[in-house]
Amino acid sequence: MRLKVSNKQIFIFLAVILIIAFIGFFVSYCIHNSNNQDNESVDKSKVITDSKQENRNLQEEVKAENAKYNDVKAWIKVPGTSIDSPVFQAKNNDRYLRNDKDNNQTRWGENFLDYRCNVDNITKEMQHYIIYGHNTEIDTRFTPLFNYKDVNYFNEHRYVEFATLNGSYKFEIFSVYTTNTDFYYIDTTFRNIDEYGEYLKKLKAKSEYDTKVEITKEDTILTLSTCDYNIANGRYVVHAKLIK
């Protein structure tokens, strides 16, 4: 038996289809427009955030963190990277190696300053400041340092911002390289300024490429150190000199 379909029923059926299609289009349009507004809002927020980032007072941030944690002695920031954090310092180099600021055991600890360094007078002669940070193999702690293996990256990220309770400073990177613990790149004690000058020459000569940054025995330097898992007891090192 065949069912007879009238013209009226066909018309109603087509009308329903059109209405459903229109509703679908309208909903899709609203969602798309909402997403565009959200993205625009995020972009504006990003611009505002970036502007705030550029106008930050790192010295004040050190003071604020030091008020909460007495071991916060500095702030390290490499513009254009995720390296942007307080720097802790204890009476030894073990405290923050595998423990966080609240002394909870954690694999990545905190970024910390060598216990032998004194940041009270950063412009004093023969000063070598060393900051250690873990290589987490993702974009946290000091893992971004490995990007300096690319000279183009170096050219775009040549400077390091460093602030203490007493002031804010800017350093220019002059040497980057992979080494192991047999090379004592973390020396902080020198008999005289000439010995210090010879030491700086060794650090400069180790660089994987010529950074074209001059270094002299009058320069104060900052070293960023992390582990390089590609060799036994490997380290990846970035040296920068204070811009006076």
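This is a predicted model: local features need pLDDT of at least 70, side-chain atom pairs count only at pLDDT 80 or more; totals for chains, interfaces and linings use all residues.
## Overall fold

The chain has 4 helices and 8 strands. The order of elements is α-α-β-β-β-β-α-β-β-α-β-β.

The chain holds 244 residues, and 39% of them count as buried.

## Val238 in strand 8

Strand 8 covers residues 234-242, and Val238 is found there. Is Val238 buried or exposed? Val238 has a relative accessible area of 1%, so it is buried.

Val238 also shows how sequence and space can part ways. Val238 and Val176 are 62 residues apart in sequence. In space, their C-alpha atoms are 4.6 Å apart. Val176 is also one of the contacts of Val238, once neighbours within four places in sequence are set aside.

## Glu172 in strand 6

Strand 6 spans residues 168-180 and includes Glu172. The relative accessible area of Glu172 is 14%. The limit for a buried residue is under 20%, so Glu172 is buried.

What does Glu172 touch, beyond residues up to four places away in sequence? Its contacts are Arg158, Tyr159, Val213, His239, Ala240, Lys241 and Ile243.

## Aromatic rings

How many aromatic pairs does the whole structure hold? A search finds 10. One of them joins Phe162 and Phe171, edge-to-face. The ring centres lie 6.1 Å apart, with 80° between the planes. Both Phe162 and Phe171 are buried.

Tyr177 and Phe183 form another edge-to-face pair. Here the centre-to-centre distance is 6.1 Å and the angle between the planes is 65°. Tyr177 has a relative accessible area of 1%, so this residue is buried. Elsewhere, ring pairs tie Tyr69, Phe88 and Tyr96 into a cluster.

## Charges over rings

Two lysines sit over aromatic rings. Lys206 places its charged end over the ring of Phe183, 4.6 Å from the ring centre. Phe183 also pairs with Tyr177.

Lys170 lies over the face of Tyr159, at 4.6 Å from the ring centre. Tyr159 is also among the residues that Glu172 touches.

## Cysteines

How many disulfides are there? The count is 0. A disulfide needs two cysteine sulfur atoms within 2.5 Å.

Cys117 has a relative accessible area of 8%, so it is buried. Cys227 stands at 24%, so it counts as partly exposed.

## The largest pocket

Rolling a probe the size of a water molecule over the atoms shows where empty space is left. The largest pocket holds about 440 Å³ of space.

The lining of this pocket is made of 22 residues. Which of them lie nearest its centre? They are Leu97, Phe112, Tyr132, Ser225 and Arg235.

Conventions:
Residues are numbered from 1 along each chain as its sequence is written. Side-chain values use heavy atoms; hydrogens and water are left out. Buried means under 20% relative accessible area, exposed over 50%, partly exposed in between (1.4 Å probe, protein chains only). Rings of Phe, Tyr and Trp (its six-membered ring) pair if their centres lie within 6.5 Å; planes under 30 degrees apart count as stacked, over 60 as edge-to-face and the rest as tilted. A charge sits over a ring if NZ of Lys or CZ of Arg is within 6 Å of the ring centre and within 35 degrees of the ring normal. Helices (H or I, at least four residues) and strands (E, at least two) are DSSP runs, numbered from the N terminus. Contact means heavy atoms within 4.5 Å. On a 1 Å grid over the protein atoms alone, a cavity is a set of points where a 1.4 Å probe fits but cannot get out, and a pocket is an open set with protein on both sides within 12 Å along at least five of seven lines; lining residues have an atom within 4 Å of a point. Grid points are joined across faces, edges and corners, and a volume is the space filled by probe spheres set on the points.
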